[in-house]
Amino acid sequence: MTGTRSQRVAGAAAAAVLVTLAVTVRAGGNAPVAAVAGEPAGGPELRLVGMAGTYSIRPDDGPAAYRITLQAREPRVVKDVTVRIDLSALAGRADVARVDEGHRCALAGRIMTCVLGDVERGVTFTPFTLTPRQGAAPGPAGAMTTTVTSADAPTVRHTTQVVVGAPGTPPDGRE
């Protein structure tokens, strides 16, 4: 160990403060959502509500809608809200079939971005629908991460596992 005792104590105190500032909340009771700390207790806040931990896309069912519900803590308006969904882990396994242009969603490469603007109470929307790629083997397809940012509220994240077929589908595709 190097440094004086007071430097070590100061370093330990700083580490304790950082740990105290880290906040982890849960969305829907199951899936982890990280929030960046530092906002005053009464500041703007967004929550992802009812986000599924697993999202199944089945070849026979047609495009599967992916729904996002954001709630703002009242009475605050959350400014300049943007939702980004990283679909890169699904390359070769699933394709975007439809994009919700009404919520200013756009796909660039494998990143879906929806520019929602100001959110007062909340919003529910379906940024895209997915279909399994022709010939994609049943089973886990990868994870997609949703990140919600704004000008004045903590960032929230959610990861959803995508499965081709039903969860627990054997690799041979028989259900």
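Is Cys-114 buried or exposed? Cys-114 is buried, with a relative accessible area of 0%; buried here means under 20% relative accessible area, exposed over 50%, and partly exposed in between, with a 1.4 Å probe and protein chains only.

Colleagues, a word on the basis of these values. This is a predicted model, in which local features need pLDDT of at least 70 and side-chain atom pairs count only at pLDDT 80 or more, while totals for chains, interfaces and linings use all residues. Residues are numbered from 1 along each chain as its sequence is written, and side-chain values use heavy atoms, with hydrogens and water left out.

Let me stay with the cysteine. Cys-114 is joined to Cys-105 by a disulfide, S to S 2.0 Å, where a disulfide is a pair of cysteine sulfur atoms within 2.5 Å. The count by this rule is 1 disulfide. The link is right-handed, with 110° about the S-S bond. Cys-105 is buried as well, at a relative accessible area of 6%.

I turn to the strands here. Strands are DSSP runs of at least two residues, marked E, and helices are runs of H or I of at least four, numbered from the N terminus. Two strands pair if DSSP finds at least two bridges between them. Strand E8, residues 105-108, pairs with E9 in the antiparallel sense over 4 bridges. Within this pairing, Leu-107 has Met-112 of E9 as its bridge partner. The hairpin of E8 and E9 has 2 residues between the strands, and Gly-109 takes a positive phi near 65° there.

Next, the open sheet. Its 4 strands follow the order E3-E5-E10-E7, with antiparallel pairing. E3 and strand E7 (94-99) are the edge strands, each pairing on one side only. E3 meets E5 over 3 antiparallel bridges, and Arg-47 has Gln-71 of E5 as its bridge partner.

Finally, the interior. A nonpolar core is a set of buried Ala, Val, Leu, Ile, Met, Phe, Trp, Tyr and Cys residues joined through side-chain atoms within 4.5 Å. The largest one has 34 residues, and those with the most contacts inside it include Tyr-55, Ile-68, Leu-70 and Phe-128. Among the strands that each supply at least two residues of this core are E4 (54-57), E6 (78-86) and E12 (156-164). E5 gives the most, with 5 residues. Contact means heavy atoms within 4.5 Å. Leaving aside residues up to four places away in sequence, Ile-68 touches Leu-48, Val-83, Ile-85 and Phe-125, among others.
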